[in-house]
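Please have the sequence and the structure open while reading.

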Amino acid sequence: MAAFTFTASSLFGSRITEPLTLISSKSPSMLNFERTPVIKISCDYSCLEVKDVHYRPPGTQINLLNGVSFSLPEKSFGLIFGQSGSGKTTLLQLLAGLSKPTSGSIFIQSYTDDGKPTQSPKSLVPERVGIVFQFPERYFVADNVLDEVTFGWPRQRGGPQLKEHLALNLQRAFNWVGLNGFSLDKDPHSLSGGYKRRLALAIQLAQVPDLLILDEPLAGLDWKARADVVKLLKHLKKELTILVVSHDLNLWSVLVYFQRARRVS
Ligand SMILES: Nc1ncnc2c1ncn2[C@@H]1O[C@H](COP(=O)(O)OP(=O)(O)OP(=O)(O)O)[C@@H](O)[C@H]1O
């Protein structure tokens, strides 16, 4: 197991007054980008590395992100929280490749068994990043689950082999999110809030991303559905690297606390 340095630098831009903080399931403490100078974080096999990332939207003089650095080990769960306007969505868009950092880099670094970095880091390819935006159900376009999950899949191109491969991935994704045996004829809009989120997750998981990003995945759900989603994410982190962005640390603390309490009782 290799130990890695978590370098934290100022996230303050000219208009940003709140720092972002990362909590990683593999590190005991909160990693505050702005306040924590150096924290060791362990990385068994490979890590998502964000190194000294700055972002200024094209055509503006505003620095939205100033020197963000963190490491997120593969198959772990990271929670980035910060108040409204702190730059969470901006960071998420850079990770998803929707915009490019003004400077700095985002990559995946693998390590050998004795903890040495393998020679070349891999870039984080946008096609390998799954992103579930806030209120994903608002963007459902189809009137049945099958059309919703296969929306955007190759219709003409790609032979039966590709379709079979995608269908198998989808089956696995449905199993992961607890939708196995679910009727594909159902109207996605008729599902409960929690099941809509499961469906949105399954759509992203069908391609088995290197990184799954969720923007406020608990927003607008009742307590039961929230607890379900947290349980699901804890389960999914055994398979995937997951990064959640949220403004509400209290909400996550309460849910994780109750999950632990339920496990102990
Ligand atoms: N293209 C842009 N040009 C100028 N300012 C921008 C641009 N995009 C975002 N901002 C500003 O940057 C700041 C950070 O925005 P961002 O959406 O990343 O914050 P956030 O933490 O996700 O907020 P919320 O929790 O409210 O979604 C905000 O003050 C926003 O108004």
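A residue is buried if 20 or more other C-beta atoms lie within 10 Å of its own, exposed if 12 or fewer, and partly exposed in between, with C-beta atoms placed from the backbone. By that count, Lys88, Thr90, Leu91, Leu92, Leu94 and Leu95 of helix H1 are buried. The model is predicted; local features need pLDDT of at least 70, side-chain atom pairs count only at pLDDT 80 or more, and totals for chains, interfaces and linings use all residues. Residue numbers start from 1 along each chain as its sequence is written.

**Helix H1**
- Helices (H or I, at least four residues) and strands (E, at least two) are DSSP runs, numbered from the N terminus.
- H1 is mostly covered, with 6 of its 8 residues buried.

**Ligand shell**
- The shell around the ligand holds 14 residues, and Pro57, Ser84, Lys88, Thr89 and Thr90 come nearest. Here a residue is near a molecule or strand if its C-beta atom, placed from the backbone, lies within 6 Å of it.
- By type, the shell has 3 nonpolar, 9 polar and 2 charged residues. Ala, Val, Leu, Ile, Met, Phe, Trp, Tyr, Cys and Pro count as nonpolar, Asp, Glu, Lys and Arg as charged, and the others, Gly among them, as polar.

**Domains**
- Domain 1 spans 1-124 and domain 2 spans 125-265, with bounds from an automatic or database domain assignment.
- In domain 1, 23 residues are in contact with 23 residues of domain 2; contact means C-beta atoms, placed from the backbone, within 7 Å.
- On the side of domain 1 that touches domain 2, strand E7 (77-81) and helix H1 (88-95) each supply at least two residues.
- E7 gives the most to that side, with 5 residues.
- That side of domain 1 comprises 11 nonpolar, 9 polar and 3 charged residues.

- Leu48 has Ile108 of E8 as its bridge partner, and Ile108 has Lys122 of E9 as a bridge partner.
- E8 also pairs with E9 (residues 122-123) in the antiparallel sense, over 2 bridges.

**Pro121**
- Pro121 sits in the loop between E8 and E9.
- Pro121 counts as partly exposed because it has 17 C-beta neighbours inside 10 Å.
- Leaving out residues up to four places away in sequence, Pro121 touches Phe107, Ile108 and Gln109.

Terms used:
Two residues are in contact if their C-beta atoms, placed from the backbone, lie within 7 Å. Two strands pair if DSSP finds at least two bridges between them.
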